[in-house]
Amino acid sequence: MTAPVLNKKKRYMKPRSVAAFILLLSLTLFFASWGVFGHEKINHTAVLALPEGIQLFFYNHIDFITQESTVPDLRKYTLNDEHERPRHFIHLESYGGIKEVPQNLVDLNKKYDQEFVSHHGILPWHICRLTDMLTRAFREKRKTEILFLAADLGHYVADAHMPLHTSLNHDGELTGQRGIHSFWEAQLPDLFGKEYTFKVREAKYMNAIEKEVWTMIYSSHQLVDTLLIADKNLKKNFPEGNIYLKESNGNIAKNKFNKPIHSAAYSKMYHDALNHMVENQMQKAISFTADLWLTAWINAGKPDLTDLDPSDLSRRNAVLLGEELQLLKSGKLLELKSEREF
């Protein structure tokens, strides 16, 4: 079912030239983990999960927060920021598992050198660090920093809910399943995401951010074997020649990013075998993102954000927000024009 498109002409978006935005979007399409579809849906819906007091401010800038959701991947690949890569993952096995890994940066730096952590990832520590930075930005009411940090935070939280971002077996390379990463996080949402429900609970305050982050990381990591085994088991009885889409010359079809395209039949059977795993992880990422945004705001002393935007803008957007929230009651969102990757 195609989601309705509401009139959103009056909604504010951070100014930028059209050419610059098109360039940014075209670059991030290539490198976005979770796919553009996933990251944009997660950040967009997280805004709608916020409570009164903070929600309208975020909604005034929902276009920015949605579209900026893939910028960390732009820094990682296009800008070749050497500090960016380890922020997107953690090889939990390399740290000795959840019981052995240091849960704060001070203990981490005592136990491991910089080369080790750069190679094996800092995703959970970076989420905690960004949340602290967002709290300071709220406290000092620095509008641009609030929006930038909130959008970034949503990206890393989304990454953390993709199970293979927590594993040394990042793309099934250790089990002979290369390509499963993009299959799970991009092709499946592209094919089936329009049928997902995005009706999520209202954001709630986190009493212990660090503990909640590590609980989330462990929960995601527990799904690694499940998604790998489901693929292996399915391939045992599925005709080998029908697993991938084929070109006229018999070669495996690739998308524009050189990723193998699984056949519609195999994709459907694998998606069914996962029993809503992709949809559930997206829903959890939405809630966790909104929880962190809310917690940062509350820990900053619940600053009044209404004076950061023109009052007439907020009045107009309050109407649009009400319409989107009404639509969300059915579990559906406005149709976002994200480019499909598969």
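The largest nonpolar core holds 87 residues, and F58, I127, F138, Y270 and W293 have the most contacts inside it. Such a core is a set of buried Ala, Val, Leu, Ile, Met, Phe, Trp, Tyr and Cys residues joined through side-chain atoms within 4.5 Å. Helix 14 (residues 277-299) gives the largest share of this core, 12 residues. The model is predicted: local features need pLDDT of at least 70, side-chain atom pairs count only at pLDDT 80 or more, and totals for chains, interfaces and linings use all residues. Residues are numbered from 1 along each chain as its sequence is written, and side-chain values use heavy atoms, with hydrogens and water left out.

**Overall make-up**

- The chain has 15 helices and zero strands. These are DSSP runs numbered from the N terminus: helices are H or I with at least four residues, strands E with at least two.
- Of the 342 residues, 55% count as buried. Buried means under 20% relative accessible area, exposed means over 50%, and partly exposed lies in between (1.4 Å probe, protein chains only).
- Among contacts between residues at least 6 apart in sequence, 79% join residues at least 24 apart. Contact means heavy atoms within 4.5 Å.

- In soluble globular proteins, nonpolar side chains tend to be buried together.
- F138 is one of the core residues with the most contacts. Beyond neighbours within four places in sequence, F138 is in contact with I54, F58, I146, W293, A296, W297, A300, P303 and L305.
- W297 lies in helix 14. W297 counts as buried because its relative accessibility is 8%.
- Setting aside residues up to four places away in sequence, W297 touches G53, I54, F138, K302, P303 and L305.
- W297 and I146 are 151 residues apart in sequence, yet their C-alpha atoms are 9.8 Å apart in space.
- T295 is also placed in helix 14. Its relative accessibility is 0%, so T295 counts as buried.

- Helix 9 (residues 143-160) has 18 residues and should span 26 Å at 1.5 Å a residue; its end C-alpha atoms are 26 Å apart, which agrees. The expected span is 1.5 Å times one less than the number of residues.
- Helix 9 is mostly covered, with 14 of its 18 residues buried.
- L321 sits in helix 15 (residues 311-328). L321 is buried, with a relative accessible area of 8%.
- L321 and V47 are 274 residues apart along the chain, and 10.0 Å separates their C-alpha atoms.
- Leaving aside neighbours within four places in sequence, L321 is in contact with L48, Q55, L56 and Y59.

**Aromatic rings**

- The whole structure contains 12 aromatic pairs. One of them, F57 with F58, is edge-to-face: 5.8 Å centre to centre, with 85° between the planes.
- Rings of Phe, Tyr and Trp (its six-membered ring) pair if their centres lie within 6.5 Å; planes under 30 degrees apart count as stacked, over 60 as edge-to-face and the rest as tilted.
- Both F57 and F58 are buried.
- One aromatic cluster is formed by Y95, Y112, F116, W125 and W214.

**Salt bridges**

- The structure has 11 salt bridges. The rule is a side-chain nitrogen of Lys or Arg within 4 Å of a carboxyl oxygen of Asp or Glu.
- E84 pairs with R75 in a salt bridge, with the closest N and O atoms 3.1 Å apart. Both E84 and R75 are buried.
- A network of salt bridges links R75, E84, R87 and D152.
- R142 forms a salt bridge with E140 at 1.8 Å, N to O. R142 also meets E145 in a salt bridge, at 2.8 Å, N to O.
- R142 counts as partly exposed because its relative accessibility is 24%. E145 is partly exposed too, with a relative accessible area of 36%.
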